[in-house]
Amino acid sequence: MKANRTPSKGFFKTYLSGLLRFVAVALLIVAQFVIICLLSLRLTVFGLYFYVIAEFAAILVVIGLMNNRASIAYKTAWLTIIALLPIAGIIMYLLWGRSGIKDRIKKKNLDFINNINSKYVPDGSKIPGLEKACPGGAKLARLAEYYGFPLTSGNSFRYFASGEQAFDALIGDLESAESFIFLSFFIVADGALWERIRPVLIERAKAGVEVRMMYDDFGSILRTDKQFWQTMDSAGIRTASFNRITRYLSKLYLNYRNHQKIVVVDGKVGYTGGFNLADEYINAIRRFGHWKDGGIRIEGPAVTGLTSTFLGMWDMTVEAAEEDISRYTYEGNIRGGEALSNTPGDTSFCQIISDGPENNPDNPILDIITGLFYEARGYLYITTPYLVIEERLSDALLQAARSGVDVRIITPGIPDKKMVYQLTKYNYGRLLEGGVRIFEYTPGFIHIKNIITPDVGIIGTINLDYRSLFLHYECGALLWDREALSEARADFEATLNECREVDLKEWKSRPLMTRILQWILNLFASEV
């Protein structure tokens with residue numbers, strides 16, 4: 001079955017059932033805070049004795065926070081809350097901020113992920129080939145392999161400079177699926193794009209293809225309803241809703257979201273990037289001006305990394321270690337009595353990287369990005385919708401700029417989240433003073449998540465903000481392929497022609513009220 005390749009007029013639809021569920025959860029969260037604040041006021045009637053106990057508890061909490069290996073932004077946010085609400089803040093931290101039940105939940109989740117990853121482990125065999133093809137590249141690859149991400153070679157890539165291009169190619173691959181289709185998106189929305197993809201998935205499922213579709217409950221709550229997913233289930237498509245927002249409400253675990261975008265077809269072809277399954281990602285509707293997105297298509301052994309990541313998240317979501325990954329790997333998938341060919345030439349190297357809150361306080365993706373910044377030579381081009389970074393990443397960017405690397409960053413000119421936009425602008429100052437050049441995409445919102453140098457790059461789902469680096473499950477392709485990197489660089493340079501460069505003098509002269517707002521928001525950078 002061939003899908004309609006002519007984009008119809010899109011639409012943005014909010015489902016009442018999702019809106020009501022979202023409002024109910026929000027009210028329950030507010031109620032928890034109100035009860036805590038009222039309780040803290042009630043406790044103050046006990047006078048001096050309670051004051052002494054509260055002060056002692058505050059000292060212990062602060063000492064514990066300062067010795068915590070968590071990020072500076074996390075510590076600052078909690079210290080600010082405790083300073084503003086001394087009693088209520090301590091209670092909130094003891095309930096939601098410290099280790100305990102969250103750690104037990106995270107350990108259980110990590111067990112599901114490790115059950116898959118333990119069958120897909122690095123062996124270091126490709127490192128010498130990478131060192132020969134790209135002198136100096138092995139250091140970053142070894143770091144990624146240390147965290148469990150195998151280095152592969154013999155891949156081919158296709159870079160997409162827009163969501164429109166990505167979905168045209170993706171739908172074509174879905175139509176040709178013969179064995180299985182895996183899809184995972186943060187946002188799935190009813191609309192023109194879905195009307196192109198839905199019949200393809202249903203037709204392939206009827207033809208005997210195994211189809212699984214995973215979505216984030218929070219990301220999709222307003223854009224789909226129960227009937228939307230029941231239609232998929234009745235067609236023989238397995239669906240899974242990641243971390244339903246009511247599940248861990250009392251533990252505030254609902255903040256941990258699956259932000260990954262993964263499509264795998266037959267174990268041969270994989271996709272990842274910034275695009276979600278919604279009409280704004282192909283500009284069938286306009287929400288924040290022109291929406292510029294992108295991603296990458298991978299064909300070759302690296303696809304197994306996307307498969308492994310998907311299956312680990314699937315097992316965690318359905319809470320069942322049900323997978324035999326060899327059935328779905330690039331090397332192990334059998335069709336027509338012959339194994340899929342693997343041509344492991346020492347070219348086109350790639351590692352699929354991923355992580356989530358289970359890894360905290362260690363953070364593989366953050367470490368790999370930091371290492372890439374420090375290793376950059378020639379130029380370092382970054383495209384990100386959000387720029388809310390801590391000193392660790394800022395220091396790495398500044399060292400690159402001061403050592404002569406041409407560091408340029410593109411951010412949106414029209415925001416989708418106004419508070420995060422203000423924090424992004426607040427982060428301009430130190431970088432501009434250190435020689436980093438920053439550009440804003442004037443036609444609208446840019447959602448691409450790329451980090452590009454002449455030798456190595458990361459293309460995936462990772463935003464440069466606290467949520468992506470500490471709270472969300474993310475993934476990306478760490479790749480050494482000059483053709484793909486050259487295409488990404490060409491896209492970056494073409495996009496610069498539609499950007500306005502941010503001037504340091506202009507940034508310093510922003511209105512006083514804007515400065516105050518940004519300064520306050522920065523205290524809660526880990527929560528915005």
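Predicted model: local features only at pLDDT ≥ 70, side-chain atom pairs only at ≥ 80, totals over all residues.
**Aromatic pairs**

Let's start with the rings. A pair of aromatic rings is described by the distance of the centres and the angle of the planes. The structure holds 21 aromatic pairs, and two of them are set side by side here.

| Pair | Distance of ring centres | Angle of planes | Arrangement |
|---|---|---|---|
| Y381 and F492 | 4.4 Å | 5° | stacked |
| Y386 and F445 | 6.3 Å | 45° | tilted |

The planes of Y381 and F492 stand at 5°, so this pair counts as stacked, the cut-off for that class being under 30 degrees. Y381 belongs to strand β12 (residues 379-383) and F492 to helix α18 (residues 482-496), so the pair links distant parts of the chain, 111 residues apart. Y381 and F492 are both buried.

For Y386 and F445, the angle of 45° makes the pair tilted. This pair also joins distant parts of the chain: Y386 is in the loop between β12 and α14, F445 is in strand β15 (residues 444-446), and 59 residues separate them.

Elsewhere, one aromatic cluster is formed by F180, F182, F310, W314 and Y328.

**Arginines over rings**

W314, a member of that cluster, has a charged neighbour as well: R212 lies over its face, 5.2 Å from the ring centre. A second case involves W507, where R510 sits over the face at 3.9 Å from the ring centre.

Is R408 buried or exposed? Its relative accessibility is 17%, so R408 counts as buried, since the cut-off is under 20%. R408 is part of strand β13 (residues 406-412). Leaving aside residues up to four places away in sequence, R408 touches L380, Y381, I382, R437, F439, F492 and L496. Among these contacts are Y381 and F492, the two rings of the stacked pair.

**Helices α15 and α20**

Now to a helix contact. Two packed helices are described by the angle between their axes and the distance between the axes. Helix α15 (residues 418-426) packs with helix α20 (residues 512-523) at an angle of about 100°, and their axes are 9 Å apart. That angle makes α15 roughly perpendicular to α20.

Which residues meet in this contact? From α15 come M419, Q422, L423, K425 and Y426, and from α20 come T514, L517, Q518, W519, L521 and N522. By type, the contact of α15 with α20 has 6 nonpolar, 4 polar and 1 charged residues.

Definitions and conventions:
Residues numbered from 1 in each chain as written. Heavy atoms only, no water. Phe/Tyr/Trp six-rings, centres within 6.5 Å; stacked < 30°, edge-to-face > 60°. Helix = DSSP H or I, 4+ residues; strand = E, 2+ residues; numbered from the N terminus. Buried < 20%, exposed > 50% of the residue type's maximum accessible area, 1.4 Å probe, protein only. Lys NZ or Arg CZ within 6 Å of the ring centre and 35° of its normal. Axes fitted to C-alpha atoms, helices over the stretch in contact; angles between N-to-C directions. Parallel < 35°, antiparallel > 145°, perpendicular 65-115°, else oblique. Contact = heavy atoms within 4.5 Å. Nonpolar A, V, L, I, M, F, W, Y, C, P; charged D, E, K, R; others polar.
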